[in-house]
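Have a look at the model first, then go through the notes.

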Amino acid sequence: PAEVDPGRCMARTWAAGRGAQCGAAPGGGCDLCGAHRRRLVCGRVDGEIPTAKLEEFMKAEEKRKLGKGKADKRPAPAKRPRTASASASATAEAAAETAT
């Protein structure tokens, strides 16, 4: 992060591959939050990024660069099939509208 807030947990978070400071308050007499005292995957904001995680950050950045200016080509989510009760209800509603 561009700025480090000493009043927040000093852990680095993934933040969509950009890296950021954890937003939680530190506690327990430590400068990390409870979750990051147990597990510190991305390192500390005031230290080096672990090598494996740095490679992941770099891959995420490359994907962002390649994706700029291109339309999102993910397929649209599939429509859920209507259940029998939903179909019966829709049919009954349509029949009621037609009858009036």
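Let's start with Arg44: at 24% relative accessibility, Arg44 counts as partly exposed (buried means under 20% relative accessible area, exposed over 50%, partly exposed in between, with a 1.4 Å probe and protein chains only). Keep in mind that this is a predicted model, where local features need pLDDT of at least 70 and side-chain atom pairs count only at pLDDT 80 or more, while totals for chains, interfaces and linings use all residues. Numbering runs from 1 along each chain as its sequence is written, and side-chain values use heavy atoms, with hydrogens and water left out.

**Salt bridges**

- The count comes to four salt bridges, a salt bridge being a side-chain nitrogen of Lys or Arg within 4 Å of a carboxyl oxygen of Asp or Glu.
- Arg44 pairs up with Asp46, and their closest N and O atoms are 2.9 Å apart.
- Asp46 is partly exposed, at 49% relative accessibility.
- In helix α2 (residues 51-67), Lys53 and Glu56 sit three residues apart, about one turn of the helix; helices are DSSP runs of H or I with at least four residues, strands are runs of E with at least two, and both are numbered from the N terminus.
- Lys53 and Glu56 form a salt bridge, with 3.2 Å between the closest N and O atoms.
- Lys53 is buried at 13% relative accessible area, whereas Glu56 is partly exposed at 38%.
- Glu61 and Arg64 make a salt bridge too, at 2.6 Å from N to O.
- Arg64 is buried, with a relative accessible area of 18%, while Glu61 is partly exposed at 33%.
- Glu61 and Arg64 are about one helical turn apart, because they lie three residues apart in helix α2.
- Salt bridges with shared partners also tie Asp31, Arg44 and Asp46 into one network.

**Arg12, a charge without a bridge**

- Arg12 belongs to strand β1 (residues 12-13).
- What is the nearest side chain of opposite charge to Arg12? That's Asp46, 7.1 Å away, and Arg12 is buried yet has no salt bridge (Lys and Arg count as positive, Asp and Glu as negative; His and the chain ends are not counted).
- The Arg12 side chain does reach the backbone oxygen of Arg44, at 3.0 Å.
- Leaving aside neighbours within four places in sequence, Arg12 is in contact with residues including Gly19, Cys42, Arg44, Glu48 and Phe57, contact meaning heavy atoms within 4.5 Å.

**Cysteines**

- A disulfide is a covalent bond between the sulfur atoms of two cysteines.
- Cys22 is buried at 8% relative accessibility, and Cys33 is buried at 6%.

**The chain as a whole**

- The chain has three helices and two strands, running β-β-α-α-α along the sequence.
- Of the 100 residues in the chain, 18% are buried.
- Among contacts between residues at least 6 apart in sequence, 39% join residues at least 24 apart.
- The chain's accessible surface is about 7,800 Å², with 56% belonging to carbon and sulfur atoms; areas come from the Shrake-Rupley method with a 1.4 Å probe, and for residues only the protein chains shown count as cover.

Terms used: Polar contact = N/O pair within 3.5 Å; in protein donor to acceptor, adjacent residues only side chain to side chain.
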